[in-house]
Amino acid sequence: MGRVRILKVTGPVLIAVWTLVPLLWLVSLSLKGGDHINDGRFWPTAPTLRNYRTVFRTDLFTSALRNSIGISVIATVLSVVLATLAAYAIARLDFPGKKLILSVALGIAMFPTISLVGPLFDIWRSVGLYDTWPGLVIPYLSFTLPLSIWTLTAFFREIPWEMEQAAQVDGATPWQAFRKVIVPLAAPGVFTAAILTFFFAWNDFVFGISLTSTGRARTVPAALAFFTGASQFEQPTAAIAAAAVVVTIPVVAIVLVFQRRIVAGLTSGAVKG
Amino acid sequence: MSGLLVACGGGGARTATPVLGWYINPDNGGQAELAAACSAAAGGRYRITVSTLPNDASAQREQLVRRLAARDRSIAIMSLDPPFVAEFAEARFLRPFTADEAGGFTAGVLTGPVEGATWHGSLVAAPFYANSQLLWYRKSAAVRAGLDPARSPVTWDQIIAGAEQAGTTTEVQGNRYEGYMVLISALVASAGGAVLDRPEAGRDARPTLDSPAGHRAADVIARLAHSRAADPGLATADEEAARAAFQSPRGGFMTNWAYVYGAESEAVASGALDRAVLADIGWARWPRVDPDRPSRPPLGGIDIGVGAFSSHPDLAVDAVRCLTTADSQRRYMLKSKNPAARAAVYDDPEVRRVFPMADLIRESIGDAAPRAKTPYYTDVSTAVVRTFHPPASVRPNRTPAAADRLVTGVLHDKVLL
Amino acid sequence: MTAATAPAAAPPGPVGRVQRSNGRTRAERRLGWTLVAPALVAMVGVTAYPLARAVWLSLYSYRLTDPAGRHFVGLSNYGVVLTDRLWWSDVLTTVAITVVTVAVELVVGFAFASVMHHLVFGRRLVRTAILVPYGIITVVAAFAWRYAFALDTGFVNHVFGLGNFAWFGHRGSALFVISLAEIWKTTPFMSLLLLAGLAQVPRELLEAAEVDGATRTQRLFRVTLPNMRAAIMVALLFRTLDAYRIFDTVFVMTNGAAGTETVSFLAYRQTITRTALGLGSAVSVVLFVSVVLIAILFIKGFGVDLARARGER
């Protein structure tokens, strides 16, 4: 049993070290002043917040932050609304084509997004969606729907449906039963789907770099990759590190508060027994 | 700062003043300053807002191409790297200048930049600043190497052997990017050859790296990459990595753009660099490949083009006129450390004080070799760089021929790139 | 030899389904389709039409910056792609990254899942620590690792006394760093899927095996793993397809240099960087087909339970 005890004590510590070291490194890098950035040390010798001031004064970053938040939130709301409707139908109603929807969702989840980037760019540029918010919201919507639909379908299956039937027996239509009884019960599931969807949109890079080009719609991951130094040839390392830390803060906050929901969401969709 | 206006993108049409969007390569605020000055001078006829493009030249081109392919009307004027001018002109992304307009943009301008901005006989972009690379060296290292580049021209063989002898490096740009193509092109030109025959023929241009000049160029790269003078990070070195290594104790020799001295001076002023290092820096013309053939240094710089889909083309031309005057170029040279395209600027006393090597820069730009002027430049450059990368893999008798085959295949859509 | 695989437990069916009249069935059907339609349109519209367009574009030699030079070439672009060494070398790179990262993730992910499964206290902390890499932006993670290994900013060479080793200058070491970043980022997802699978292994079976004197290793390979087969296969399928599409990390770390280019990166460069829409579309279509082939391999070859993957059970 000695091994088990060691596993129980050192395991969590090892996991925490493994996952947190790169984060600490990023924070440390972002605190290094211009002359110390190349000193090869893990910890900053003279921590400074200068890089944070720099990124918040950089238009490319502030506009990207606005775009990322706006686009991700809109895509999340739309995706969750559509997925809720679909998942309710799949979990609850009997109609032909249910399997088809789930198969389509599965196919889309496996789709290599890069295959679409070329044609989407070509279409977007001719219909005026290139470098606009809707130009990103639309693909995000399509590619987050599968995950939302699975998560929600799994959640909806756990809901005690007798209550809905009771409502229907009392004379409510299926729609009313859905709205008055199921929606409150399903809210936690919807919330989980929303978090996962938000993570996807927040994380996306492929569409972000291909379908945008300016502060009008460029999102944070894309902006980071095209960050420029203060002068022509300067390496923007410290500024990128600071910007990276800034955009990681919401992720850590969401994870800290909602870790139980996220775990439930990730494991319910794919491997529910 | 006018940079703050970027976020609005010119959407706010509250004022009657037409807004001209200027897409610029990143500098230290020099172009933004000029934009503000010209907006003020326009007296309400137009207002220029700047949007900054990515750091590296290929990414700048990529951004512009995609926006222009989407017929973006907000691109009134754009800062273009000269090798991309042909592609933009051929794709009709640029509004060509009339002969009248062109006269003003080319008067007193060094010939290299003018040729680089001309496509099928008409000027399609206005030379704004020009650039060339110099040989930068540490005087202490040169003494140990037994070389005096300021006195008599040196060859690549000499600075490689010299750096080895001095226990230092010879820094160049060897990353897999456009900057490496700059090196390759200049080596080939300095050996008396060219990357392409009839580059303006587009798809039907013939690559000519498999030639004595191409072999000589490959030989220099291979020799450097396998010598002790090569930086350990040669295969990923860009301009700034090279400069950082050059100013470190292992630095000896370096080919790099004209901004180096200004950048080092600023580093000294801000306390980041020891004054003794700056005093140790010397400069000379780009090294020769053959001892008895003058070198053809790389040509760089920025041209300003007028967007073909701009809502205010005439105002844009006016704005370009203001941005490229000798005085604008002088101010820009002092602020951003990038050399002017107009020859007279180099005679300015202030410029000569900040650039002790002003005459050398002017001469270098005058004798510089432009990179292949083809509408397929990006494909040609990417193909050549791909075959020549990493530098240590270059084989003088095989690599140039392989590059030629790849370029031909790429031009005819017969291979992937 | 007493340990045995649990009989596949019959999944609990939908609770209390009741018989309904014919009229209700029709209404239900209509409502079902009404509720599903918007999601279906959004999913199919954004994938099917562009994919069809990609197929059409792939029949041309067409560059965005040379519209006048566009001409029909039939299937020749596909011939170019499939006979090109660059395509196959990128396929090899991609497959190598996929196999290595997924294999390591499976092992490490299983270790993580075991730790979490047996955890009594600190559950919250470990869960949080594990979810951070999952939620972090891939590009951010890639930058963190790139700067850690870079010659100028990095601490790795310094800490481990490796001198001036250029990690991104050689294919092997560059792929190593890329894989490491990918593994760091995606192991949490794998471990959570496996954790769910672990929770499904019947406790009685493990106890019975222990009573019968089975060693720890025997219990792992004879009881635990066989009972987790479905969970493992689904996790492998998803992670494999995801790893095969790797793009962000390569873009940030090497931009495809030093032989690290992947198929997604190749497709991106043809269509977006070179704006060679004809040839690029052919690459995109071939890439799509290869993904379909991998999925088929998993489903038919390894018998991944699609109903499970679809979340039906």
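Is B:G252 buried or exposed, and what is its relative accessibility? At 0% relative accessibility, B:G252 counts as buried; buried means under 20% relative accessible area, exposed over 50%, and partly exposed in between, with a 1.4 Å probe and protein chains only. This is a predicted model, in which local features need pLDDT of at least 70 and side-chain atom pairs count only at pLDDT 80 or more, while totals for chains, interfaces and linings use all residues. Residues are numbered from 1 along each chain as its sequence is written, chains are lettered from A and ligands numbered from 1 in the order in which they are written, and side-chain values use heavy atoms, with hydrogens and water left out.

The surroundings of B:G252 can now be described. The residue belongs to strand β10 of chain B, residues 251-257; helices (H or I, at least four residues) and strands (E, at least two) are DSSP runs, numbered from the N terminus. Apart from residues up to four places away in sequence, B:G252 touches B:W136, B:Y137, B:R138, B:A141, B:T168, B:T169 and B:F246, where contact means heavy atoms within 4.5 Å. Between B:G252 and B:A166 the C-alpha to C-alpha distance is 7.8 Å, although 86 residues separate them in sequence.

Chain B as a whole is assigned domain 1 (2-124 + 299-367) and domain 2 (132-298 + 373-411), with bounds that come from an automatic or database domain assignment. The centres of domain 1 of chain B and domain 2 of chain B, taken over C-alpha atoms, are separated by 27 Å. Contact between them involves 27 residues of domain 1 of chain B and 23 residues of domain 2 of chain B. About 2200 Å² is buried between these two domains of chain B, and carbon and sulfur atoms give 65% of that area; buried area is the accessible area (1.4 Å probe) that two parts lose on being put together, summed over both. On the side of domain 1 of chain B, the residues that lose the most area to domain 2 of chain B are B:K337, B:M357 and B:D367, together 23% of what that side buries.

Chain B also meets chain C. In this interface 31 residues of chain C are in contact with 26 residues of chain B. The two chains bury about 2400 Å² between them, with 51% of it on carbon and sulfur atoms. C:R63, C:T65 and C:R274 supply 26% of the area that chain C buries against chain B, more than any other three residues.

Chain C itself contains 14 helices and 2 strands. Its C-alpha atoms fill a box of roughly 75 × 75 × 35 Å along the principal axes, and 57% of the 313 residues of chain C count as buried.

Chain A is likewise assigned domains, namely domain 1 (1-48) and domain 2 (54-271). The C-alpha centres of domain 1 of chain A and domain 2 of chain A are 30 Å apart. Their contact takes 7 residues from domain 1 of chain A and 7 residues from domain 2 of chain A. Between them these domains of chain A bury about 500 Å², 90% of it on carbon and sulfur atoms.

Within chain A, A:T219 lies in the loop between α9 (206-210) and α10 (220-225). A:T219 counts as buried because its relative accessibility is 2%. Beyond its neighbours within four places in sequence, A:T219 is in contact with A:A64, A:S68, A:I71, A:L136, A:Y140, A:D204 and A:G208.
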